[in-house]
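User: I am new to this structure and would like to learn how to read it step by step. Could you take me through the features in order, beginning with the overall picture?

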Amino acid sequence: MTTRGVLYVHSAPRALCPHVEWAVAGVLGARVSLDWIRQPAAPGTWRSEFSWRGEVGTASQLASALRGWQLLRFEVTAEPCAAAEGERYSATPELGIFHAVTGIHGDILIPEDRLRAALARSKAGETNLEAELARLLGKPWDDELEPFRYAGEGAPVRWLHQVV
């Protein structure tokens, strides 16, 4: 069963860009050449976006292949398919990696056991419930990546057309 997704490299030092391409090619089993543009949110870094198609589990393989580089900010998404829910991975140098399962509309699905654990930690006074839920939803990662998500000068623009 195949799925498709997108790799967003939000910021990478120039010297790391070919290594990112090699890592992605290693996962996909084909040569990959990304279109790199400057990242205005972090001068001296570059950004790219790449749509991929592969077996279920490709998103996790891509995230694993990229997670070791401390200066890299990225996200990997996979659409849901008949055999699996969708997924989203977000990574920043400061926070590490975040993983979420996503439904058909892109909503994050939090498993019951994780919600029960958050409630238990909150009840025990170990954490604030609101902060714990924000973490389960990936809010710290979203907050950190949001400035990097906006397209800068020279970013490719894709126009989507609705056929009626």
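User: What does the radius of gyration of the chain say about its overall form?

Analyst: The general idea is to set the value beside the one that a compact globule with the chain's number of residues would have. In this predicted model the chain has 164 residues, for which a compact globule would have a radius of gyration near 15 Å, and the chain has 17 Å, which agrees. Along its principal axes, the C-alpha trace spans about 50 × 40 × 35 Å.

User: How many helices and strands does the chain have, and in what order do its elements run?

Analyst: The chain has five helices and seven strands. Read from the N terminus on, the elements run β-α-β-β-α-β-β-β-β-α-α-α.

User: Which share of the contacts joins residues 24 or more positions apart?

Analyst: Among contacts with a separation of 6 or more in the chain, residues 24 or more positions apart account for 58%.

User: Where is the pLDDT below 50, and how should I read such a part?

Analyst: The mean pLDDT of the chain is 92, and 91% of its residues reach 70 or more. Over residues 157-164, however, the pLDDT is below 50, and beyond near neighbours in sequence this stretch has two contacts in the model. Where pLDDT is low, the predicted coordinates should not be read in detail.

User: Which residues is Val 9 in contact with, and is Val 9 buried or exposed?

Analyst: Val 9 also lies in strand E1, and its relative accessibility of 2% is why Val 9 counts as buried. Leaving aside neighbours within four places in sequence, Val 9 is in contact with Val 20, Trp 36, Trp 46, Arg 47, Ser 48, Leu 72, Arg 73 and Phe 74. The C-alpha atoms of Val 9 and Leu 115, which are 106 residues apart along the chain, are separated by 30 Å.

User: Where does Pro 13 lie, and how far is Pro 13 from Leu 71?

Analyst: Pro 13 lies in strand E1, which covers residues 2-13, and Pro 13 is partly exposed, with a relative accessible area of 23%. Beyond its neighbours within four places in sequence, Pro 13 is in contact with Gly 44, Thr 45 and Leu 71. The C-alpha atoms of Pro 13 and Leu 71 are separated by 7.1 Å, although the two residues are 58 residues apart along the chain.

User: Where is Val 56, and what does Val 56 touch?

Analyst: Val 56 lies in the loop between strand E3 (45-55) and helix H2 (58-66), and at 39% relative accessibility Val 56 counts as partly exposed. Not counting residues up to four places away in sequence, Val 56 touches Met 1, Thr 3, Cys 81, Ala 83 and Ala 84.

User: Why does Glu 132 count as buried?

Analyst: Glu 132 counts as buried because its relative accessibility is 6%, which falls under the 20% limit. Glu 132 is in helix H4 (residues 129-136), and Glu 132 touches Ala 118, Arg 121 and Thr 127, not counting residues up to four places away in sequence.

Definitions and conventions:
Residues are numbered from 1 along each chain as its sequence is written. This is a predicted model: local features need pLDDT of at least 70, side-chain atom pairs count only at pLDDT 80 or more; totals for chains, interfaces and linings use all residues. Side-chain values use heavy atoms; hydrogens and water are left out. Helices (H or I, at least four residues) and strands (E, at least two) are DSSP runs, numbered from the N terminus. The radius of gyration is taken over C-alpha atoms; the globule rule is 2.2 Å times the number of residues to the power 0.38. Contact means heavy atoms within 4.5 Å. pLDDT is the predictor's confidence in each residue, from 0 to 100. Buried means under 20% relative accessible area, exposed over 50%, partly exposed in between (1.4 Å probe, protein chains only).
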